[in-house]
Each structure stands twice: as structure tokens, then as C-alpha cells.
Amino acid sequence: MTSDNSIHVPEAPFRPGDSASFGKWEYAPGDLEKPDPETCSSDDTRPHAEGLIRVLGDDNSRSGAWDPDIDDGILLEGLEHMVRVRIFDERMMKMQRTGKLSFYMRSLGEEAIAIAQTMALQNQDWLFPTYRQPGAQFVRGRDMVSMICHCIGNVEDNVKGRQMPVHYTYRDGRFISVSSPVGTQFSQAVGVAMASAYKQLDEVTITWIGDGASAEGDYHYALNFASVYRAPVILNVVNNQWAISTHANMASGSSTFADRGLAYDVPSLRVDGNDFLALYSTTEWARQRASAGKGATHIEVLTYRAGAHSSSDDPSRYRPSDESSAWPGGDPIDRLKRHLISVGSWSDEKQDSLEARIDREVMQAYKEAVKYGDLAEGPYPSSDSIFTEVYSEVPWHLREQWDEMNRLRGD
Amino acid sequence: MSEMNMVQAVNSALDTMLERDKNVLVFGEDVGYFGGVFRTSDGLQEKHGAQRVFDTPLSEGGIAAIAFGMGLNGLRPVCEIQFADYIFPAYDQIVNEIAKLRHRSGGEFWTPVTIRTPAGGGIRGGHHHSQSPESQFTHTPGLKVVYASTPYNAKGLLISAIESEDPVVVFEPKRCYRGPFYGDPHNVPTWAGHPDADVPEEHYTIPLGQARLAKKGDECTIVSWGTMVHVCEKAIEMSGASCDLIDLQSLVPWDRDAIVESVSKTGRCVIVHEAPKTSGFGAEMAASIQERCFWGLEAPIRRVTGWDTPFPHTTEWDYMPSPSRIAEAIRETLEA
């Protein structure tokens, strides 16, 4: 017996040579009501999982039920952090191109996510990021010099040259160590949150995963465990359309990423990821729910990866070069800036001087960081760090191998 | 002291630690209300409450992941993987995550997870209820690995594992839960009257990394762990030889000094494990022992192991090292 069946292999909407066109979003800030986070059911959020929560409209104004109760001072702080991430990334990328870093990953176009979401949380809340949320560290007060030292892997790298660049660890900011295996943090975050619940502390854990990694088992473990144990966790899927060259339509057959959470009975929201205010608002909502003991929220953060996956990637090989500019969500920094200008709280001149100031700040941090060693010349962390912190104490078999290394290097 | 089988000893270890440290949480599939399919957590939920002893979804990857997160956030999670054969969905979380957190974060974060898992054959469990995958964890920097063999060491090792600041995988030989096993499936005794079934009810530890001399002799050194320790005891008797029988107890770190000392005395060594031969932990030991004892060896180091095949069901007695196979290896080693 034969059939006409074949494997359906999804294709990306646009490939090099195509002219990318997403049309205009039909979603507007006034579309969606804001349910009570402490009493709503997952089903109450179905419109939010299928629609798109926006606050910043196409006319640069803020409006709608999801407009958070925050003043322009907070927005200016957010704008500054986003600009800091972007300029920092540009400088680091230049360092990589000139051989001063082995590798780099930018947050280009996604700066609002880590900044707004972290700002909407409390300082005791745990951050469980991917490599695309380093900006959260600026919100939590991390010194830029120490971040650059990590990326170089020099003597001042707090993870001692053990991890690739951008795999930050920052315990003081409750920013948990970034791991290369994509998705593992998503389910771990549920355990962190369960521990907070067990200790009866008002701590919420937030974590992020990419659209691509949401195909990993860990994504589903996380949703299931978060649902079963009602863990105080905020589970974000950052749908930036691309996982290296794999389009988001390869990661899921459902119509949105958000609506997958409803099957787990977890309230699920889909938010404009380039809209600082909407991100702030949804995260604050999810935090309130978690803090009240009502459990997890699942959020699809709809955005676009405007840059390459990493310094090793060339997106012109798999997507049209104009696709980023065709993205209907615009640019998160530009949108917040235009809003603040429209309400008279900001100006192009102030933006220029902010950028100049941060540029100097980054240059100064860079110059200080390379004093502790650069990639080409070192000094690097002592190779003793190969053997330390593998265990809480050094067991004999590592001690022997460490001694052997020392003999070979003439110590 | 009271007489306990290995199930009761494990239960007593968990109970002791739940009592002593409010940060200890015990969870896994069927672990809570029911008390575990092997009964190792029987009564613990009732005694310590469902906040501390609870059931999980059938999701080994999820169990290991939440253990990672809890350990990172100040708790001492003790999770059960119901059969070692089912640990592989959790392998990424254990190998890449739990084992590496301290190192990769420059010591800023760590997670002292204990993973208990019943392992090994002899219960007619077929391929997927019989494997002994210890070497898949001994090859992972950052993990400690222990393998119990008696009620006494099951409790002492488990308490050490829970108190360790490092993640530990604890293998429990399910064949020995209710009695030592001497290789005869038609004659399986209980732990009643066995000296190693005398278990203190209170807290005690067996240091990780320390082997146990189960039997003393001078002609040959036999090294084993888990169920095979008892099978070796029978084999030594059959061989008529005078042997040191060393129960390794800890595989990472392992007690090389104890074994080198014994082999230096006997000049002969037979290593016995249930797991397949190729890349089994016996290979690591044989290589290390010859580095230290080469000039004192009177015979090649022998390994008696499970075959390099999937674990069988009804023919498991031809798969697992039997007393006669081991006895023959001992005799050949003595004659070499």
C-alpha cells in the first residue's frame, strides 16, 4: 500500500532574496482588559495569550488597561539602561572583531526585555537568564568593568576564565550563572521558586528561554512543575523569531507561543517585547500573582532578534537583510525615546548627550578592564583555577593531576 | 542499634536527616504518600509533612532540575530516581548543570543535591530495571558517586551524601534491599542476623571516599561494590583462596590507597562489577592499580563483569558475574 503522504517541513516566511513584509499589527494598546492577577484563571487569559498586550501606541502615546502606574522618572531610568546595553554591546562587538574577545552576543533589539522586567521586580527576586538578558545586571547595579573582565576572561573575571563571554554570574544581584545548554534554566527556576515558597519568603523567580529552546524538554518540565506546585515563578518565552537560522515556526506548531501555557493551566500573556511599558506592566502583574501564592505566569515576549545570533553567525545567509527593519514592533529604545519626547520629558539633544556620556562610561570601563589583561596578551586567571571549585574541596585524584600540571609548567 | 534491612536503613537515614535539618526535602516519583515503590520513604510524609516529603510528576529531567534550583536556593534536596535505568532524561541536568554549577560560576553558586537511585540486576527486571550505570557518572567531573552494599553503609553513606556540599549520586543495589545476595536466586536470605544489619538508629556517617575491608586474606585482592560484594564473598569461599575483599563504597573519589596497599601485599587483583566491561569503572581501577603496583604484580589484573550487551530478562544469571565465574577468575589469577 502506498500513500500521498510526505513530511511537512515548515519553511521560514522569508529567506534571502525575499522582500520581508509582516504587514501592520492589528493589535492596539486598548485591546485587552487587565484581569485581577490574584483571582484570574488561566482561561481568563486566553485573549491575552492569543492577542498582544501593548501600551505604547503607534502614535507614541501610552494608554490602555495595561498602562503601569509608573512615572517618567522610571522610564528615563529604563531608557538609560537600554542605551547602556546597546552601547556596551557595540563596544564589545568591536572588541570581538579586533580579536580582543573570543566571542560575543548582543541583545540588539531586545534590550527592553531584561531591563523592564527586572525593574518591575523586587531586589530579592531571583533572575535566571539566558545569554540575551545581560542588561538585568545593570539594573541590579553590576559594575561594567567586572562584566568586561568576564568577557575577556582576564585575571579579574569572576568566573575565572571558565566560561565563554556573556555567560555571566552575579550573585550579589541574584543573577544566576548563565549556561550554554539552552533551556536548562527554565525548569531549574521552578526549583528556585519552590525553595522560596518552602521558606515562606516573598521572593519571586523570573526566567527566560528562547523560542528555539522552548522545543527542549526543560520548557515543558518547567510549565508542568510550575503548574502542579503553583511555584512563584515567571516563565518568559522570548520569541525573537530566530534560533540561529531556525525560524520560530520550527519550534512550535501552535499559533502563538503564549497559548501553550494554557494547556498547563498557567495564565499566559503575549506581550509586545519592544514596548518597555507593556513589559513592565505584565511582569508586575505576574509578580503580584506569584507573591500572592497564586503561582506561575507564562509570558510570550514577542520581539525580533535584530542582530546576528552571535559573533560567529552571519544572518545574511538565511534571512533577508531588510527583515529587521520590516518588523512591526520597531525598536525598543527608539519607541520609548519618542514617547518621552512626545510628553515633553525628553529631547533629541538630551538623548545625544546621554549617548555621549554612556559612550565615555563604556570607553573608560573598557580601558580599565584591559588593564587587568586582554585576550591576546593576558594575564589570564591562573591555570590553578582549572582544579579549584570542581568540588567544595580538592579530592586526591584532582590534587595529583594538579601537581602534574604544576610540574609540567615548572612551578 | 537495631536490626534493619537496607530499605529500613535508607528510611532511617532520610528520617534522621529530615529530623536534623529543616532544609532537607525528600521527593520523587511515588515517594510521598505511598512511601516509594521500594518503601524507602515509607511513613516519612506522614511524619514530616507533605512540604518536606512529596510526590513528583513522572519527569526525571524535571526532578533533577528542581533539585538544582532548590539546592542553589539554600535547601538540601534529596531526590529519588525510581530506577537507575530511568536517570537518563535527567542526564543533562546532572552532568552539565548540577555537577558544573560551582565551577562555572566561580564558586558563587553551588547546589548540594543528593540523587538516590536503585540500581543493578537480579530481580528479573529485564533491560530497563537492572542496569548499573555508575561509570556514566564517574566520568563526570563535579559529581561524587557512591554505591551501597549493606544496611549499615547504605545509611552512613547516604547521610554523608546529604551533608556533602557537593552533589552526590547514590546507587542502592535493589537486589540487596531485603537481603544480601550470594549468587543463588533459589536461596535468597534476609538481612536477619547479618552483622551489617546492625544499624544505629541515630546519626552516623561513613566518609565519602573510604573503602571497607569486608574480608581479610593474603593471596589475592578482590575489589567490588554493590550486590557483587556478597557474590564475591561466596566466590572466595568456593575458590578456597585467602583473599582481601574490598567493598569500594565510594567510586568518586575512590579509596585507591586501600586497594594499592592490599594489592602490594597480595600481588594479585580481581575486580568485579555488574556493569558492562568496556569503559566500566573496573577499567579505570585496573589502569590506576598497575601504575602503582606494576612491579609487585604476580598476575595480570582480571575483571569479571557484566557482558557488553543489553541486560537480559530470563537469562540474567548468565549475564551477571556468578560465584563460579568469579571463583574461576580467582583461581586463574592465583595460578598465573
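Predicted model: local features only at pLDDT ≥ 70, side-chain atom pairs only at ≥ 80, totals over all residues.
We can begin with the overall layout. Chain A is divided into domain 1, covering 43–307 + 326–380, and domain 2, covering 382–411. The C-alpha centres of domain 1 of chain A and domain 2 of chain A are separated by 37 Å. In chain B, the domain assignment gives domain 1 as 2–199 and domain 2 as 214–335. Here the C-alpha centres of domain 1 of chain B and domain 2 of chain B are 25 Å apart. The contact between these two domains of chain B draws on 29 residues from domain 1 and 27 residues from domain 2. On the domain 1 side, helix H6 (135–138), strand S6 (144–147), helix H7 (151–163) and strand S7 (168–173) of chain B each contribute at least two residues. The largest share of that side, four residues, belongs to S6(B). Sorted by class, the side of domain 1 of chain B that touches domain 2 of chain B holds 12 nonpolar, 13 polar and four charged residues.

Strand S7(B) deserves a look of its own. Six of its six residues are buried. Val168(B), Val170(B) and Glu172(B) lie on one side, with Val169(B), Phe171(B) and Pro173(B) on the other, and both faces are covered. In a regular strand, side chains alternate between the two faces of the sheet. S7(B) also has strand partners. Strand S5 (residues 114–119) of chain B runs parallel to S7(B) and is joined to it by six bridges; within S7(B), Pro173(B) stands opposite Ala119(B). S6(B) is likewise parallel to S7(B), through four bridges, and Lys144(B) has Val168(B) as its bridge partner in S7(B).

In chain A, five strands make up an open, parallel sheet in the order S1-S2-S3-S7-S6. Strand S1 (126–128) and strand S6 (268–272) of chain A each have a single partner strand and stand at the edges, so one side of each is left without a neighbour in the sheet. With direction ignored, neighbouring strands of this sheet are turned by 20 degrees against each other on average. Strand S2 (residues 205–210) of chain A and strand S3 (residues 233–239) of chain A run parallel and are joined by six bridges. One residue pair in this region is Thr207(A) with its bridge partner Leu235(A) in S3(A). Helix H7 (residues 217–229) of chain A packs on the sheet, where it touches S2, S3 and strand S7 (297–302) of chain A. The direction of this helix makes about 150 degrees with that of S3(A).

The largest nonpolar core has 197 residues, and those with the most contacts inside it are Ala226(A) and Val146(B). Helix H2 (residues 72–97) of chain A gives the most to this core, with nine residues. Leaving aside residues up to four places away in sequence, Ala226(A) touches Val190(A), Ala231(A), Val233(A), Leu235(A), Val266(A), Gly295(A) and Ala296(A). In soluble globular proteins, nonpolar side chains tend to be buried together.

Two further helices of chain A can be described in turn. Helix H5 (residues 144–152) of chain A is mostly covered, with seven of its nine residues buried. The buried residues of H5(A) include Met144(A), Met147(A), Ile148(A) and Cys149(A). They pack against H2, helix H4 (136–139) and H11 of chain A. Just after H5(A), Gly153(A) adopts a positive phi of about 80 degrees. Helix H11 (residues 348–371) of chain A contains Met363(A). Is Met363(A) buried or exposed? Met363(A) is exposed, because 12 other C-beta atoms lie within 10 Å, and a residue with 12 or fewer counts as exposed. Between Met363(A) and Pro381(A), the separation is 18 residues in sequence and 23 Å in space, C-alpha to C-alpha.

Finally, the two chains meet. In this contact, 35 residues of chain B touch 35 residues of chain A. Helix H3 (60–72), helix H4 (91–98) and helix H5 (101–104) of chain B are the elements that give two or more residues to the chain B side. H3(B) gives the most, with nine residues. By class, the side of chain B that touches chain A has 13 nonpolar, 15 polar and seven charged residues.

Note on methods
Residues numbered from 1 in each chain as written. Chains lettered and ligands numbered in written order. Domains from an automatic or database assignment. Contact = placed C-beta atoms within 7 Å. Nonpolar A, V, L, I, M, F, W, Y, C, P; charged D, E, K, R; others polar. Core = buried A, V, L, I, M, F, W, Y, C linked by C-beta atoms within 7 Å. Buried ≥ 20, exposed ≤ 12 C-beta atoms within 10 Å, placed from the backbone. Pairing = 2+ DSSP bridges. Axes fitted to C-alpha atoms, helices over the stretch in contact; angles between N-to-C directions.
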